[in-house]
Amino acid sequence: SEAALRSALRGLDQAPFDLRLRNAERWSNGIAVLRPDEHPALLDLHAQLGARLLRAGIVVQPGDYTPHVTLARNAPNAAPPEAFAPISWTVRDCALICSRGVYEVVERYGAG
């Protein structure tokens, strides 16, 4: 339930860290994304989230973890940029997002 999810995430604390977005990809169904370089803090955050959900009894679907920033969705002719300067992005927190046609931030966690 949403309440269990919110409870599991409450108190999450992650020090800010910098990601470098420089890998552009086109996925199926017209999705263009930027993927970050691997970063230990991002992997740690993913592991912390998974452990909290497991302790709360929330089952996470197995599968590949693919961090990314979506540039375009539902755009059959979408193509990522072929050449661009790497983008530095400081991750300061994470958020529970609800998607109902538009993305809505439900709650933010871990302001470091």
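Q: Two strands pair if DSSP finds at least two bridges between them. How many bridges join β2 to β3?

A: The model here is a predicted one. As a general idea, the strands of a sheet pair through backbone hydrogen bonds, and the pairing is either parallel or antiparallel. In this structure three bridges join β2 to β3, and these strands run antiparallel.

Q: In what order do the four strands form the open sheet?

A: The order is β3-β2-β1-β4, with antiparallel pairing. At the edges stand β3 (69-72) and β4, each of which pairs on one side only. From one strand to the next, the twist averages 40°.

Q: Over how many bridges do β1 and strand β2 pair?

A: β1 and β2 (residues 31-36) pair over six bridges, in the antiparallel sense.

Q: Which residue takes a positive phi in the hairpin of β1 and β2?

A: That residue is N29, with a phi near 65°. The hairpin has three residues between its strands.

Q: How many bridges join strand β1 to strand β4?

A: Five bridges join β1 (residues 17-27) to β4 (residues 87-91), and the two run antiparallel. Here R20 stands opposite S88 in β4.

Q: Where does H46 lie, and is H46 buried, exposed or partly exposed?

A: H46 belongs to helix α2, which covers residues 40-55. A residue is called buried under 20% relative accessible area and exposed over 50%. H46 has a relative accessibility of 37%, so H46 counts as partly exposed.

Q: How far apart are H46 and P67 in sequence and in space?

A: Sequence and space are read separately. H46 and P67 are 21 residues apart along the sequence, while their C-alpha atoms are 9.5 Å apart in space.

Q: How many cavities of 30 Å³ or more does the count come to?

A: The general idea is that a probe the size of a water molecule, rolled over the atoms, shows where empty space is left. In this model the count comes to one cavity of 30 Å³ or more. The largest cavity holds about 40 Å³ of space.

Q: Which residues line the largest cavity?

A: The lining consists of L12, Q14, A15, F17, L45, V91, R92, D93, C94, Y109 and G110. By type, the lining residues of the largest cavity divide into seven nonpolar, two polar and two charged.

Note on methods:
Residues numbered from 1 in each chain as written. Predicted model: local features only at pLDDT ≥ 70, side-chain atom pairs only at ≥ 80, totals over all residues. Heavy atoms only, no water. 1 Å grid on protein atoms, 1.4 Å probe; cavity = no way out; pocket = protein on both sides within 12 Å on 5 of 7 lines; lining within 4 Å. Points joined across faces, edges and corners; volume = space filled by probe spheres on them. Nonpolar A, V, L, I, M, F, W, Y, C, P; charged D, E, K, R; others polar. Buried < 20%, exposed > 50% of the residue type's maximum accessible area, 1.4 Å probe, protein only. Axes fitted to C-alpha atoms, helices over the stretch in contact; angles between N-to-C directions.
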